Amino acid sequence: MLNTAETGETAAKGQGRIGVLIVNLGTPEATSYWPMRRYLKEFLSDPRVVETNRLLWWFILNGVILTIRPTRSGHAYDKIWNRERDESPLKTITRAQAEKVGHELAGDGPLLVDWGMRYGLPPVGERLAALKEAGCDRILVFPLYPQYSAATTATVADKVSEAMAKLRWQPALRFVPPYYSEGAHIDALAHSLTRHLDTLDWTPDTILASYHGLPESYVAAGDPYYDHCRETTRLLRAKLELPEAKLRMVFQSRFGKTEWIKPYAQDTVAALPGQGVHNLVMIMPGFAADCVETLEEVAIGLAETFRENGGENFSTVPCLNESDASIAMLAALIRKELSGWI
Ligand SMILES: C=CC1=C(C)c2cc3[nH]c(cc4nc(cc5[nH]c(cc1n2)c(C)c5CCC(=O)O)C(CCC(=O)O)=C4C)c(C)c3C=C
Ligand SMILES: [Fe+2]
Ligand SMILES: [Fe+2]
C-alpha cells in the first residue's frame with residue numbers, strides 16, 4: 001500500500017511478518033529434450049558450477065553437452081519421475097518439507113514458510129518477492145545443503161542478491177549456515193540409518209556414506225566442501241560407534257573429465273565384492289532430499305554395478321526428506337537462526 005498524505009496510510013501497513021525461504025538445487029519441468037535442456041543450460045551456465053574459461057565453456061556447453069546430455073539425463077529422470085504429480089521427486093519432497101516445517105513453526109510467531117529452487121521453478125527471486133509482498137520484512141533463507149560448497153550454497157546467496165537488487169523496499173536478510181555438524185543433523189542421520197538397518201533381513205559388511213562430488217580444483221581453491229563431508233562422516237561414525245572400515249566416505253555424480261574428489265563411489269562399489277564385501281548399504285548424507293542422484297544413480301545404478309561385480313545384497317537409506325526427524329531438525333535450525341527475530 002502506498003504512503004499517501006490523503007489517506008494517512010503508511011507503506012509499512014501489513015508488514016512485520018517473518019519469511020523463511022527453503023531453497024534446494026532445482027530440477028527440470030519434464031524429462032523430454034527441451035525442458036531438460038533448459039534446466040541443464042541454466043544450471044551449467046552458472047560460473048560457480050563450472051569454473052572453466054567462459055568462452056571455452058560456452059562452446060563446449062552449447063556445442064556438445066546440451067546436444068547429448070538432455071536426452072541422457074532425461075532417461076535417468078524418467079526412471080524416478082513422480083508420475084502422480086508429474087514432477088521430479090526433489091520438487092515433491094522440497095514442497096512437503098516446507099509445508100511440514102510451516103506447520104511445525106505455526107505457533108512460533110508471524111512466520112511464513114515458502115520454498116524455491118535455485119535453478120528452474122519456482123524461482124528464488126519470485127518467492128522472495130512473494131514473501132515481501134505478503135508482509136515479510138525479515139527473511140531467513142535456508143539453502144538446503146548440509147555441507148557448504150561454492151557450487152551450491154554460495155549460488156543461493158548469489159541468486160538472492162540478484163533478486164534483492166530488483167526490490168525497492170528490501171527485507172532484512174539472514175542465511176542458515178551449513179548444518180553438517182549440528183547434533184540434530186547427525187542424530188537424524190544416525191536414526192534413519194539404524195531404522196533402515198532394522199528393516200533389512202541381512203547385515204551389511206560395510207556402509208558407504210556417499211556425497212555428491214566436486215572438482216578437486218575447487219577444494220584446492222579453498223572450498224570447504226570436502227572437509228565438511230569428512231566431518232559429517234566422522235561424526236556419524238562416532239555416533240554409531242562404528243570403526244572406520246565399516247562406514248566409509250565416497251563421492252558420486254562425477255561430471256566432466258577433470259579429477260574430482262575421491263574415492264569415487266563407482267570405483268569403490270565395483271571393487272568391494274572383490275574385497276569380500278557382499279552386503280552393502282549406502283547412505284547419502286549430503287542430500288537433504290532424494291533426487292535423481294540418489295534414486296537413479298545410486299539406488300538403481302550403483303545397485304547394478306554392485307551386483308554385476310559379484311555383490312549380493314544392496315540397499316540405500318532414504319534421504320532425511322520429510323521424515324519427522326528431518327522436520328524437527330529443520331525447525332530447530334530455523335528457530336536457532338531466528339533468535340532475536342522471534
Ligand atoms: C548436494 C550437493 C551438490 C553439489 C556439491 C553439486 C555439485 C555439482 N553438480 C554438478 C552437475 C550436476 N548435478 C546434477 C544434479 C544434482 N546435483 C545436486 C547436488 C549437488 N551438486 C542435486 C541435488 C541434483 C539433483 C537434481 C534433481 O533434479 O534431482 C545434474 C543434473 C542431473 C544430471 O544431468 O546428471 C548435473 C549436470 C556439477 C558440475 C557440480 C560441481 C561443480
Ligand atoms: Fe550436482
Ligand atoms: Fe548425475
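**Reading the model feature by feature**

Mentor: Let us begin with Pro263, which is found in the loop between β6 (247-252) and α9 (265-271). Helices are DSSP runs of H or I with at least four residues and strands are runs of E with at least two, both numbered from the N terminus. The model is a predicted one, in which local features need pLDDT of at least 70 and side-chain atom pairs count only at pLDDT 80 or more, while totals for chains, interfaces and linings use all residues. Residues are numbered from 1 along each chain as its sequence is written, and chains are lettered from A and ligands numbered from 1 in the order in which they are written.

Trainee: What is the peptide bond from Lys262 to Pro263, cis or trans?

Mentor: The bond from Lys262 to Pro263 is cis, with omega near 0°. Another cis peptide bond joins Leu121 and Pro122, where omega is about -10°. Pro122 lies in the loop between β2 (111-119) and α4 (124-133).

Trainee: Into which domains is the protein divided?

Mentor: Domain bounds come from an automatic or database domain assignment. Here they give domain 1 (17-178 + 325-337) and domain 2 (183-316). Taken over C-alpha atoms, the centres of domain 1 and domain 2 are separated by 24 Å. Their contact takes 23 residues from domain 1 and 23 residues from domain 2, two residues being in contact if their C-beta atoms, placed from the backbone, lie within 7 Å.

Trainee: Which elements give two or more residues to the side of domain 1 that touches domain 2?

Mentor: They are α2 (54-80), α3 (89-104) and α11 (324-337). Of these, α3 gives the most, with 5 residues. By class, this side of domain 1 has 15 nonpolar, 6 polar and 2 charged residues. In this scheme Ala, Val, Leu, Ile, Met, Phe, Trp, Tyr, Cys and Pro count as nonpolar, Asp, Glu, Lys and Arg as charged, and the others, Gly among them, as polar.

Trainee: How many residues surround ligand 1?

Mentor: A residue belongs to such a shell if its C-beta atom, placed from the backbone, lies within 6 Å of the molecule. For ligand 1 there are 22 residues, and the closest are Thr27, Ser73, His212, Cys291 and Val292. Domain 1 and domain 2 each contribute at least three residues to the shell. Among the elements, α2 and α10 (292-308) each supply at least two residues. The class count of the shell is 12 nonpolar, 8 polar and 2 charged.

Trainee: At roughly what angle do the axes of helix α1 and α2 cross?

Mentor: Axes are lines fitted to C-alpha atoms, for helices over the stretch in contact, and angles run from 0 to 180 degrees between N-to-C directions. The axes of α1 (residues 33-44) and α2 come within 8 Å and cross at roughly 125°. Therefore α1 is oblique to α2; angles under 35 degrees count as roughly parallel, over 145 as roughly antiparallel, 65 to 115 as roughly perpendicular and the rest as oblique. The crossing of α1 past α2 is right-handed. A crossing is right-handed if the near helix is turned clockwise from the far one by less than a right angle, and left-handed if anticlockwise.

Trainee: Which residues make the contact of α1 and α2?

Mentor: From α1 come Tyr33, Met36, Arg37, Leu40, Lys41 and Leu44, and the residues from α2 include Leu61, Ile65, Arg69 and Ser73. The contact divides into 8 nonpolar, 3 polar and 3 charged residues.

Trainee: How do α6 and α8 cross, and which residues meet there?

Mentor: The axes of α6 (residues 183-199) and α8 (residues 225-240) come within 10 Å and cross at roughly 60°, so α6 is oblique to α8. Their crossing is right-handed. Ile186, Leu189, Ala190 and Leu193 in α6 meet Leu235, Leu236, Lys239 and Leu240 in α8. By class, this contact has 7 nonpolar, no polar and 1 charged residues.
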